[in-house]
Amino acid sequence: MATLRERKTYRDQVLRVLYGTVEGNRLLGITGAQLRRDLHVPEPDLAAACTYLAGEGLITVDWEPGNTPAMVTLTHEGIRYMEAEEEGTAGSS
């Protein structure tokens, strides 16, 4: 079981890799397999991070059987969040 700090780190890493990969285009996504390769996150922790971020409205996830992310995309709100992070103003909107 991941610690709170690890869970927050995984969530942040998912958003950063996704945002960097799709370059702010919400029509593009990344496969769960690619996220696992890029982040080296245990599969249950990746699924938990994706579930949390989807619940926050920052990403959408298409799931494979076994609670495995198949495709992950940023939502409009996720792009806005990452742009605010990039500008150093996250949380002040």
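A residue counts as partly exposed when its relative accessible area falls between the limits for buried, under 20%, and exposed, over 50%. The model shown in these close-up views is a predicted one.

**View 1. Asn67 in the loop between strand 2 and strand 3.** With a relative accessibility of 48%, Asn67 counts as partly exposed, because this value lies between the limits of 20% and 50%. The phi angle of Asn67 is positive, at about 60°, although the residue is not a glycine. Strand 2 and strand 3 form a hairpin with three residues between them, and in this turn Gly66 also has a positive phi, of about 90°.

View 2. In general, the strands of a sheet pair through backbone hydrogen bonds, in either a parallel or an antiparallel manner.

**View 3. The pairing of strand 1 with strand 3.** Strand 1 and strand 3, the latter made of residues 68-74, run antiparallel and are joined by three bridges. Gly29 stands opposite Thr73 of strand 3, while Thr31 stands opposite Met71 of that strand. Strand 3 is mostly covered, since five of its seven residues are buried.

**View 4. The pairing of strand 2 with strand 3.** Six bridges join strand 2 to strand 3, and the two strands run antiparallel. Trp63 has Pro69 as its bridge partner in strand 3, and Val61 stands opposite Val72 in strand 3.

View 5. When residues up to four places away in sequence are not counted, Thr60 touches Met71, Val72, Thr73 and Thr75. Cys50 lies ten residues from Thr60 along the chain, and the C-alpha atoms of the two residues are separated by 8.2 Å.

View 6. With residues up to four places away in sequence left out, Leu35 touches Val14, Val17, Ile30, His40, Leu46 and Val72. Leu35 and Leu18 are 17 residues apart in sequence, and the distance between their C-alpha atoms is 8.1 Å.

**View 7. His40 in the loop between helix 2 and helix 3.** The relative accessible area of His40 is 67%, so this residue is exposed. The phi of His40 is near 55°, which is a positive value in a residue other than glycine.

**View 8. The largest pocket and its lining.** The largest pocket holds about 160 Å³ of space. Its lining is made by Lys8, Arg11, Asp12, Leu15, Tyr52, Leu53, Glu56, Leu58 and Tyr81. Helix 1, residues 4-22, and helix 3, residues 43-55, are the elements that give two or more residues to this lining, and helix 1 gives the most, with four residues. By residue class, the lining of the largest pocket divides into five nonpolar residues, no polar ones and four charged ones.

Key: Residues are numbered from 1 along each chain as its sequence is written. This is a predicted model: local features need pLDDT of at least 70, side-chain atom pairs count only at pLDDT 80 or more; totals for chains, interfaces and linings use all residues. Side-chain values use heavy atoms; hydrogens and water are left out. Two strands pair if DSSP finds at least two bridges between them. On a 1 Å grid over the protein atoms alone, a cavity is a set of points where a 1.4 Å probe fits but cannot get out, and a pocket is an open set with protein on both sides within 12 Å along at least five of seven lines; lining residues have an atom within 4 Å of a point. Grid points are joined across faces, edges and corners, and a volume is the space filled by probe spheres set on the points. Ala, Val, Leu, Ile, Met, Phe, Trp, Tyr, Cys and Pro count as nonpolar, Asp, Glu, Lys and Arg as charged, and the others, Gly among them, as polar. Contact means heavy atoms within 4.5 Å. Buried means under 20% relative accessible area, exposed over 50%, partly exposed in between (1.4 Å probe, protein chains only).
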